[in-house]
There are 2 protein chains.
Amino acid sequence: MEVQHRINKASIVAAVLAGSLALPAHSAGAARELPSKPTVADVIKDSKPTDWRALDPENTLYMEVPGGRVVIELAPGFAPRHAVNIKMLARENYFDGLAIIRSQDNWVVQWGDADEKNPRPMKTAKATLPGEFTVPMKNDSRFTRLPDRDGYARQVGHSNGFPSARDPRTGQAWLTHCYGMVGVGRDNGADSGGGSSLYVVIGHAPRHLDRNITVVGRVVAGMPLLSTLPRGPAPMGFYEKKEQHVPIASFKVAADVPEAERSKFEVMRTDSAAYKAAVEAQRNRGGPWTKVAAGHVDLCNAPIPVREQQ
Amino acid sequence: MEVQHRINKASIVAAVLAGSLALPAHSAGAARELPSKPTVADVIKDSKPTDWRALDPENTLYMEVPGGRVVIELAPGFAPRHAVNIKMLARENYFDGLAIIRSQDNWVVQWGDADEKNPRPMKTAKATLPGEFTVPMKNDSRFTRLPDRDGYARQVGHSNGFPSARDPRTGQAWLTHCYGMVGVGRDNGADSGGGSSLYVVIGHAPRHLDRNITVVGRVVAGMPLLSTLPRGPAPMGFYEKKEQHVPIASFKVAADVPEAERSKFEVMRTDSAAYKAAVEAQRNRGGPWTKVAAGHVDLCNAPIPVREQQ
């Protein structure tokens, strides 16, 4: 018996948003079956090559950890100075030989320099930068809004493959803390982080961190290498002993890796009709497994398909 | 540098819900500091013994897996027939020696009988039951509503320690798929599950499963024993080989375990003033780390405190 999340195969249908929450709850064993609908997998299968974009090697990072490679896509449009600084840290080999030092259940995995007494020196890269918690909405030309309401923000949707939010009253836009998003650890000061300590969300989206931290990107492959790490026994999930640290063999900009060794992924364009269909497949699932279609999709439940480049 | 989520200490203040979303986004480096406020840890520290209830051994399950014990609290008010059946399965040693057979990233860990050809026979327990996807609201007298809006349901809140939702138009209430919630795997039929295959949510809340599955309870201790399991390589996170299965040494009702061997936990009463303060601590964090209070809490981000019995 499976917790299924595939449904029937069918052609892509237009998004039908309204009304499903108005369905009466089915009584147990109700025989009525929902009409079949395409699944996310169907949408991917039926998509066109132009519905996808390849990762840009200059804005992609490879973190090599035991078990394999974590692939991170940077979002320079939302954190331009941090993206530059993190790439500089990578190119100056700052992270190579450092470690993952924290794994807190339903929260984050974090890496950086554990040695506070004798910290690794930086070269050209900056130790701290002013926070880039939000950007002017006008900088974010790739936003595609979801019709679904959200408790944390006036508007939510996707900006060129990243979950994001915006507030027309303040004119600001920001990336949101969904599963797999990468942020910049900081101390109390808004300008106390710079990218030398990064974390990834491994649990339910801690959206209350939105607009409080610089979010720099998203893990597009390799999440299980992080999400399955043993949780740290010290407060806040830090590892207690050096032997528990998970070593980072290398942390590189993809453009600096020989082409033959690059991971070739493509991300579904979040401003495409295919993506709209993928989100609708999640919002209102069809029969025969589903008994009640949700009629809503939470921003962080909207899948952002990634696949090997075709 | 830490992704902090502790703030200052202070006395418990009344919930102030409105308005925070109207705060202008702080510019990077803004010097204005939010007033300090109690954290969830502060609320727990300041709570009274009557703000807590001990787990009922008759409605608590212990699953022993490599590394330790997973403690599950059943919610018989929401799934009365399944709770009875799962306890019968436990008492007839159905799960002992079976295994965790699935671990899918950002989704679920699931256990049961992997041997479809030669399934383990049942004794008195039933193989299948009518689904208990929702219950009449009148059966749920312990509901405490959150003021926060939700995209998936008309009303959300907590029922005696479990996240739940309700729809006054249909008169139905149901448990919600938050992190750590336990559900009953089933095939296409609403009456095709019975509790012999159970799953736990290990990622962002898949709320679109609400009202489609019988939810029977919540993991109150031991989540890392499940959430860090290697992800299964087969489709939907199933393990491919028997050697990958994670054995269940035993699965017992706590009441059947000698008292000296029981885990003694207590859960904060979700209809207490202390709990209201705990949720508010999550909804609107204070200074000095927080720069913008969220002004909202997602149902599945509202912490449900559990501690060793005092």
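Reader: How many residues of domain 1 of chain A are in contact with domain 2 of chain A?
Author: On the domain 1 side of chain A there are 13 residues, and they are in contact with 22 residues of domain 2. Keep in mind that this is a predicted model.

Reader: Where are those domains in chain A?
Author: Domain 1 is made of residues 20-52 + 268-308, and domain 2 of 56-113 + 122-261. Their C-alpha centres lie 28 Å apart.

Reader: What area is buried between domain 1 and domain 2 of chain A?
Author: About 1,300 Å², with carbon and sulfur atoms giving 59% of that.

Reader: And salt bridges, how many between domain 1 and domain 2 of chain A?
Author: The count is two. Separately, the side chains of Arg142(A) and Asp271(A) form a salt bridge, at 3.8 Å from N to O. As for polar contacts across the interface of domain 1 and domain 2 of chain A, six residue pairs qualify, both residues at pLDDT 80 or more.

Reader: Which element gives the largest share of the domain 1 side in chain A?
Author: Helix H4 of chain A, residues 273-283, which supplies three residues. By class, that side of domain 1 has eight nonpolar, two polar and three charged residues.

Reader: Why do you say the copies meet through the same surface?
Author: Because 99% of the interface residues of chain A are also interface residues in chain B. The contact takes 78 residues from chain A and 78 residues from chain B.

Reader: What do chain A and chain B bury between them?
Author: About 6,800 Å², and 56% of it is on carbon and sulfur atoms.

Reader: How many salt bridges and polar contacts are there between chain A and chain B?
Author: For salt bridges the count is zero. For polar contacts it is 29 residue pairs, both residues at pLDDT 80 or more.

Reader: Last one: which helix gives the largest share of the side of chain A that touches chain B?
Author: Helix H3 of chain A, residues 223-227, with three residues. The residues on that side of chain A divide into 33 nonpolar, 29 polar and 16 charged.

Definitions and conventions
Residues numbered from 1 in each chain as written. Chains lettered and ligands numbered in written order. Predicted model: local features only at pLDDT ≥ 70, side-chain atom pairs only at ≥ 80, totals over all residues. Heavy atoms only, no water. Domains from an automatic or database assignment. Contact = heavy atoms within 4.5 Å. Buried area = accessible area lost by both parts, 1.4 Å probe. Salt bridge = Lys/Arg side-chain N within 4 Å of Asp/Glu carboxyl O. Polar contact = N/O pair within 3.5 Å; in protein donor to acceptor, adjacent residues only side chain to side chain. Helix = DSSP H or I, 4+ residues; strand = E, 2+ residues; numbered from the N terminus. Nonpolar A, V, L, I, M, F, W, Y, C, P; charged D, E, K, R; others polar.
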